[in-house]
Amino acid sequence: MIQSVLIANRGEIARRVIRTARRLGVRTIAVYSEADADAPHVHEADEAVLIGPAPARESYLLPEKILAAAKATGAEAIHPGYGFLSENAAFAQAVMDAGLVWIGPPPSAITAMGLKDAAKALMIQAGVPTTPGYLGDDQSEERLSAEAAKIGFPVLIKAVAGGGGKGMRKVEAAADFIAALGSCRREAAASFGDDRVLLEKYVTRPRHIEVQVFGDSHGQVVHLFERDCSLQRRHQKVIEEAPAPGMDASTRAAVCDAAVKAAKAVNYVGAGTVEFIADASEGLRADRIWFMEMNTRLQVEHPVTEAVTGQDLVEWQLRVASGEALPLKQDEISLDGWAMEARLYAENPATGFLPSTGPLDHFRLPDTLRVDSAVEEGGEVTPFYDPMIAKLIAHAPSREAAAAKLAQACREVEVWPVRTNAAFLARCADHPDFVAGRIDTGFIEARLETLVPVVTPSDDAKAVAVAALLSQDAEDGSPWSPAEGLAGFRLNRVSRAPVRLVHDGHVVEVAVPGEVEADVLLGEDGEIVLFEDGEALVFTAPRAQSGGETGGSGDGAVRSPMPGKIVSVSVKAGDAVIKGQALLVLEAMKMEHALTAPFDGVVAELTATTGAQVSEGITLARLEPAA
């Protein structure tokens, strides 16, 4: 068994690897950027090495710094986690050339599966079913247009080197093809340095099915059954589950066998995931499930497979990398119950899922299920990395029970002042169509208004907020004497006239409760914060407000929600705009975010300029209501 491992990653996957390594008696070395100096994975490892400034391109994405840290600490092996350098064949080869053990597949397998067209051609040779389409060398507009017509619209244009939802366009009609092709090529060139594309039949009711595979250096490959990752938003997974709903035994056998064939075709070693797209318009059928791509690493959603098989996949990785045979044979691996994983993000669904950054003054996650967390209370969510802060993993005897357990856990999440998608996740897991298994990759988009409604606090929540206000009044004679932290109170007094509070810019009148006992957070600026079904509800006193609106966007100010770079500005001072119109685009946390007009009006002031770096809270534009 490997005796020491350097983890070339951060956050929850670094902590996940440390947890298994410690159980096995393997020494762990963490690497960290300046932004992560106080991160949990740094404290939990046996040793930690600073590798550079906060930006990933100056730290976690520099192979030479990772290798130098491994050499300096005497590490025997490197575990790449996922993301960053995990699917970089050149890095994998450099690790091996340095005499270290690479805990991952051979560089040749990473290369073979790295380009979508080459991988698809390889799968066709191996007898793995692939989506009807075109992946030829002739990239002329004429040939691509002809092939799209042959496939039949709608078609999907995909960047050969693409990933993460980038370099992908759906085309509904022949008249739109050339424009979509140009857009796709530009994005692919900018994101991957390669503008080549392939064409695929667009599946109208797609489901994302993937199979966990594992190979060893002795030529053995097994699968650990499938996962369904169909609940997605903008091609990013939201809730994953195992097994896939509606998958019968014969279809499961066909898909899992195809995944094993795919892995064997590239002499795969270690953990990998073979991804398939399924046409679910007539249910899951083996003849309508096609190879899409292979991820040559451990997946974010691997815990659901661990839950239903009872296996520790990180332990399997360490044992296989040590030269051992696979821990189990195929007929020794079985399914037990149902598991679901929800990705908890530091983002605000109410603002179009913009990432939320800042200190984690209050961070409470449920203890009723497995939680893989990247952060702890007292830490900070920075703008430099992916905004996923935790994964909630529910396991139960049935799918319905797993969904209910997951939804309840999401409702119990309490995070402040950073915002999260907990309430959104709870609504997803609670939705009748999800519980019934009526899912596809368009599930969230089709139900977005239901899943991200205008939040209206319950009468109980408003009563608690009023009680908190009056409790402070009773203590020191002032309606607002805020203190940091969690405040418990008990109110039992004679009813009086309704009290006015402000929530989300609206003044509400609330009857005074007779007796209330609860906990709230009291903010520095006089906010009362309480949690309801995963939402952080913020109430304030209506101090000298005019009309029925306050705060928020009522003043017409469009502020930067986080530090970032302005990549485009689409308006100028004096322009008339309508509510929801994109004013500018901010790049932060590896994503682009459009900032929109809060109401119909005129751009009275514009300070944003393309290319400028801005900090959180800076006013970028100010609107005045239309006359």
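A residue is called buried when its relative accessible area is under 20%, exposed when that area is over 50%, and partly exposed in between, with a 1.4 Å probe and protein chains only. The model is predicted, so that local features need pLDDT of at least 70 and side-chain atom pairs count only at pLDDT 80 or more, while totals for chains, interfaces and linings use all residues. Residues are numbered from 1 along each chain as its sequence is written, and side-chain values use heavy atoms, with hydrogens and water left out.

**View 1. Val211 in strand E10.** Val211 is placed in strand E10, strands (E, at least two residues) and helices (H or I, at least four) being DSSP runs numbered from the N terminus. Because its relative accessibility is 0%, Val211 counts as buried. Leaving aside residues up to four places away in sequence, Val211 touches His223, Phe225, Glu226, Val255, Cys256, Ala259, Gly272, Thr273, Val274 and Phe276, where contact means heavy atoms within 4.5 Å. Between the C-alpha atoms of Val211 and Arg252, which are 41 residues apart along the chain, the separation is 9.6 Å.

**View 2. Helix H11 and its cover.** Helix H11, residues 313-321, is mostly covered, with seven of its nine residues buried. These buried residues of H11 are Leu313, Val314, Glu315, Trp316, Gln317, Leu318 and Val320. The elements that cover them include helix H1 (11-24), strand E4 (77-79), strand E10 (206-215), strand E11 (221-233), strand E13 (270-279) and helix H10 (302-309).

View 3. In helix H6, residues 116-126, the buried residues are Lys116, Asp117, Ala119, Lys120 and Met123. They lie on the same side of H6, because they cover an arc of only 165 degrees around the axis, the arc being that of the directions from the helix axis to the C-beta atoms. An α-helix has 3.6 residues a turn, so residues three or four places apart point the same way. Gly127 follows H6 and has a positive phi, near 85 degrees.

**View 4. The chain around these sites.** The secondary structure of the protein chain comes to 17 helices and 37 strands, and 52% of its 627 residues count as buried. Among contacts between residues at least 6 apart in sequence, 65% join residues at least 24 apart. Taken along the principal axes, the box filled by the C-alpha atoms of the protein chain is roughly 75 × 60 × 50 Å.
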